[in-house]
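Work through the exercises below with the sequence and the model side by side. Try each task before you read its solution.

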Amino acid sequence: MIEDRNYYEIHREEWQTFHQDSIPAITEEELKELTSLNDRLSLEDVKDVYVPLVHMFDIYLQQYRNLQRDKSRFLGRPYEPSPLIIGVTGSVAVGKSTTARVLQNLLKRAYPTKAVELVTTDGFLYPNRILRERNIMDRKGFPESYDMENLVQFLLDVKTGKPNVRFPVYSHRIYDIVPGDYEEVNHPDILIVEGINVLQLPSKQQIYVSDFFDFSIYVDAEEEMIEKWYIERFEMLMDLAIDQPDNYYYNYAIGKREDAIEMARGVWKRVNLKNLREYIYPTITRANLVIHKTTNHFIDELYIKKY
Ligand SMILES: Nc1ncnc2c1ncn2[C@@H]1O[C@H](COP(=O)(O)OP(=O)(O)O)[C@@H](O)[C@H]1O
Ligand SMILES: CC(C)(COP(=O)(O)O)[C@@H](O)C(=O)NCCC(=O)O
């Protein structure tokens, strides 16, 4: 956990009482509908943690719009709305995608007329072919495994209002970039960018990914817990692969379970834990908000940056 005078440490019990009158209170029906979209997420977490968070985003969104509007008026330039961008980061398997998806759904609900899009930076990993050529297949997720220039260009295009901006897609199922597959965002009002690398400093570029962020979140938990969640997800991916010979996890799924789990533990330690310690965790102090999770993904504390 972080100890920093630049953060307000807020316990869940206090956090859950925060709200804004500008956003209508969520109904039990809506809560049930939202959690049914993601059965891993508890109703309490949505209500106690994510709803107040979306209420706080409202402050950022209003300020962002006012600032952009006043600035263009001052400069005598036409007001061109650009998206508010939120970054979500943390270790592999800490629950970033789950957090990003629930935020997307809650923001859509709070702003029914606004387009809220989600992009994961996995799509900007180099394809396995290139990782193999560069002999960095065991460095997947480390800074050198991402095409950061392309990611920065993507964010620049979206922020500056380019229409139909494409981005590549990564699949855990094939453990690779999906060849020729792209998704696109078209003038979103809010964009959530989720990935382990989004608060990292660039090695070559002049611009950081985080230069485009209006708000950033780091999802944090103890290493031993994240390892457990990583292994559980690995087992779930194996279970899904059992009848799919073309699935990356198939060979593990049909082999001895203990061997597969031992292998996954090795990957966790050699790759993902190393990456967490060397490159991901050091970015925690750049986040505007740290969400701290404990056993069973229960969120116990939040840290909000003061300045
Ligand atoms: N709030 C939660 N409650 C229960 N399980 C969760 C929660 N958040 C994530 N998980 C589980 O933990 C594992 C890792 O989550 P995921 O969102 O895939 O992590 P990441 O995107 O950080 O790699 C997955 O198996 C997911 O289902
Ligand atoms: C592709 C990833 C870097 C992305 O991380 P995630 O989506 O799990 O947050 C990661 O899932 C990964 O594949 N790491 C390499 C080692 C491994 O776990 O196989």
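**Exercise 1.** Which residues surround ligand 2?

Solution. Start with the ground rules. This is a predicted model, in which local features need pLDDT of at least 70 and side-chain atom pairs count only at pLDDT 80 or more, while totals for chains, interfaces and linings use all residues. Residues are numbered from 1 along each chain as its sequence is written, and chains are lettered from A and ligands numbered from 1 in the order in which they are written.

Step 1: apply the cut-off. A residue is near a molecule if its C-beta atom, placed from the backbone, lies within 6 Å of it.

Step 2: list the shell. Around ligand 2 stand Val-92, Ala-93, Lys-96, Asp-122, Lys-140, Gly-141, Ile-196, Val-267, Val-271 and Asn-272.

Step 3: find the main contributor. Helix α9 gives the largest share, three residues. (Helices are DSSP runs of H or I, at least four residues, numbered from the N terminus.)

**Exercise 2.** How many residues surround ligand 1, and which are the closest?

Solution. Step 1: count. The shell around ligand 1 has 16 residues. Step 2: pick the closest, which are Gly-95, Lys-96, Ser-97, Thr-98 and His-297. Step 3: assign elements. α4 (96-110) and α7 each give two or more residues to this shell. The largest share, four residues, comes from α7.

**Exercise 3.** At roughly what angle do the axes of α7 and α9 cross?

Solution. Step 1: read the angle. Helix α7 (residues 223-241) and helix α9 (residues 257-280) have axes that come within 10 Å and cross at roughly 135°. Step 2: name the class. That makes α7 oblique to α9, because angles under 35 degrees count as roughly parallel, over 145 as roughly antiparallel, 65 to 115 as roughly perpendicular and the rest as oblique.

Definitions and conventions. Axes are lines fitted to C-alpha atoms, for helices over the stretch in contact, and angles run from 0 to 180 degrees between N-to-C directions.
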